[in-house]
Amino acid sequence: MDLQLLGLSFITVFLSELGDKSQVAAIALSGTTKSPKAIFFGTASALVLASLIGVLVGQGVAEILPTQWVKMAAAIGFAIMGTRLLWNSSKPTED
């Protein structure tokens, strides 16, 4: 197992999930119940399943398309999302 890749993927996912809507949902759910363990295991297993699906789809796509194309598509996708976030945050809100 590549420990450097393991650490990189852990740090990337951990930082991207901080303050994410799934974390907010976990906070809301745990505030309405007396069973925080169930909330923890439910949200943790959901994240693991979503990650598994992403890895399997990524592996399948990598077998069909060249790695450079997959990296380029990911970079373009993140650039578009980042640009949209910046664009939408600079617009004045209508309250």
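Read along the sequence, the protein follows the pattern α-α-α-α, where helices (H or I, at least four residues) and strands (E, at least two) are DSSP runs numbered from the N terminus. The model is predicted: local features need pLDDT of at least 70, side-chain atom pairs count only at pLDDT 80 or more, and totals for chains, interfaces and linings use all residues. Residues are numbered from 1 along each chain as its sequence is written, and side-chain values use heavy atoms, with hydrogens and water left out.

View 1. The C-alpha trace spans about 50 × 45 × 25 Å along its principal axes. The radius of gyration of the protein is 18 Å, whereas a compact globule of 95 residues would have one near 12 Å; the radius is taken over C-alpha atoms, and the globule rule is 2.2 Å times the number of residues to the power 0.38. Of the 95 residues, 2% are buried (buried means under 20% relative accessible area, exposed over 50%, partly exposed in between; 1.4 Å probe, protein chains only).

**View 2. A nonpolar patch lies on the surface.** Leu49, Leu52, Ile53, Leu56, Val57, Val61, Ile64, Leu65 and Trp69 form the patch and together have about 890 Å² of accessible area. Patches are made of residues with over 30% relative accessible area and no salt bridge, like charges being joined within 9 Å and nonpolar side chains (Val, Leu, Ile, Met, Phe, Trp, Tyr) within 5 Å. A salt bridge is a side-chain nitrogen of Lys or Arg within 4 Å of a carboxyl oxygen of Asp or Glu. Helix 3 (residues 36-64) gives the most to the patch, with seven residues.

**View 3. Leu56 and Ile39 both lie in helix 3.** Leu56 counts as partly exposed because its relative accessibility is 49%. Ile39 counts as buried because its relative accessibility is 17%. The C-alpha atoms of Ile39 and Ala25 are separated by 9.8 Å, and these residues are 14 apart along the chain.

**View 4. Trp69 has its place in helix 4 (residues 67-90).** With a relative accessible area of 57%, Trp69 is exposed. Trp69 is one of the residues of the nonpolar patch. Between the C-alpha atoms of Trp69 and Gly54, 15 residues apart along the chain, the separation is 17 Å.

**View 5. Ile11 lies in helix 1 (residues 3-17).** A relative accessible area of 49% makes Ile11 partly exposed. Ile11 and Ala74 are 63 residues apart in sequence, and their C-alpha atoms are 18 Å apart in space.

Conventions. Areas by Shrake-Rupley, 256 points an atom, 1.4 Å probe, with all protein chains shown as cover.
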